[in-house]
Amino acid sequence: MDAIDVRDLLARPGSSRELHIAPGIEGLRTELAEVPSDAPVHIDVLLESLVEGILVSGPISGTITYRCARCLKRFHEAFRLEVTELFARGASEDDDEYPLVEGAIDLEPMVRDAVVLSMPFAPLCRQDCLGLCERCGGDRNLGECSCPPRSDPRWGALESLDID
């Protein structure tokens, strides 16, 4: 995503401008969630000129592809996040603000932080997902597993006893 030129706003504190873009952003992913790089991330924000810099606020939306943490099936969900972030002159990576460099702001780090931090650590396709059988790998959501009951090897000698 290209940097956004905001010199016109910086010259007039108190002014604002709406921005509507839908770029594809690479690398929006965790182990079990991903926004595909060819899928647009809709950024509909208001850029407001302040004495400190540029305040960016508004919604970010798109679609996330998840892999269920229990059964590993893929599923999709829409997301919509509200952001309010300050792009300040002289800000560094250690600050709470994003940098404003030579009259331009780069929205990609802000979008990346907002989207990736909102992704769940262990997404589930549904709350009652039964997951996979730990022995045969069958999907337990499709029915009972055909694996025989697991026996404890410590009781193996007693299984052959006939107690009639």
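Author: Let us begin with a term: accessible areas come from the Shrake-Rupley method with a 1.4 Å probe. Please keep in mind that this is a predicted model. In that model the protein chain exposes about 10600 Å², and carbon and sulfur atoms supply 50% of that area.

Reader: How much of the chain is buried?

Author: Of the 164 residues in the protein chain, 35% are buried.

Reader: And what are the dimensions of the box that the chain fills?

Author: Taken along the principal axes, the C-alpha atoms fill a box of roughly 95 × 30 × 20 Å. The radius of gyration is 25 Å, whereas a compact globule of 164 residues would have one near 15 Å.

Reader: What share of the contacts join residues at least 24 apart?

Author: The share is 55%, counted among contacts between residues at least 6 apart in sequence.

Reader: I would like to turn to helix 2. Which of its residues are buried?

Author: The buried residues of helix 2 are E108, M110, V111 and V115. They lie on the same side of helix 2, because they cover an arc of only 160 degrees around the axis.

Reader: What do those buried residues pack against?

Author: They pack against four strands: strand 4 (42-49), strand 5 (53-67), strand 6 (74-89) and strand 7.

Reader: Which residue forms a salt bridge with E108?

Author: The partner of E108 is R112, and their closest N and O atoms are 2.5 Å apart. Both residues belong to helix 2 (residues 108-118), where they are four residues apart, about one turn of the helix. E108 is buried, whereas R112 is partly exposed, with a relative accessible area of 24%.

Reader: Why can such side chains pair?

Author: Side chains of opposite charge can pair when their charged atoms come close.

Reader: How many salt bridges are there in the whole structure?

Author: A search of the whole structure finds eight. One of them joins R126 and D128, with 2.8 Å between the closest N and O atoms. R126 is partly exposed at 38% relative accessibility, and D128 is exposed at 51%. Another is formed by the side chains of D152 and R154, at 2.5 Å from N to O.

Reader: Changing topic, which residues make the nonpolar surface patch?

Author: W155, L158, L161 and I163 make a nonpolar surface patch of about 500 Å². L158 sits in helix 3 (residues 156-159) and is partly exposed, at a relative accessible area of 47%.

Reader: What about the loops? Where is G103 found?

Author: G103 is in the loop between strand 7 (98-100) and strand 8 (104-105). With 12% relative accessibility, G103 counts as buried. Leaving out residues up to four places away in sequence, G103 touches I4, D5, V6, R7 and L10. The C-alpha atoms of G103 and D8 are separated by 8.6 Å, although these residues are 95 apart along the chain.

Reader: Is E102, in that loop, buried or exposed?

Author: E102 is exposed, with a relative accessible area of 76%. Phi of E102 is near 50 degrees, a positive value in a residue other than glycine.

Reader: Which other residue has a positive phi although it is not a glycine?

Author: L72 has a positive phi of about 65 degrees. L72 lies in the loop between strand 5 and strand 6 and is partly exposed, at 43% relative accessible area.

Terms used
Residues numbered from 1 in each chain as written. Predicted model: local features only at pLDDT ≥ 70, side-chain atom pairs only at ≥ 80, totals over all residues. Heavy atoms only, no water. Salt bridge = Lys/Arg side-chain N within 4 Å of Asp/Glu carboxyl O. Helix = DSSP H or I, 4+ residues; strand = E, 2+ residues; numbered from the N terminus. Buried < 20%, exposed > 50% of the residue type's maximum accessible area, 1.4 Å probe, protein only. Patch = residues over 30% accessible without salt bridge, like charges linked within 9 Å, V, L, I, M, F, W, Y side chains within 5 Å. Rg over C-alpha atoms; globule rule 2.2 N^0.38 Å. Contact = heavy atoms within 4.5 Å. Arc of directions from axis to C-beta.
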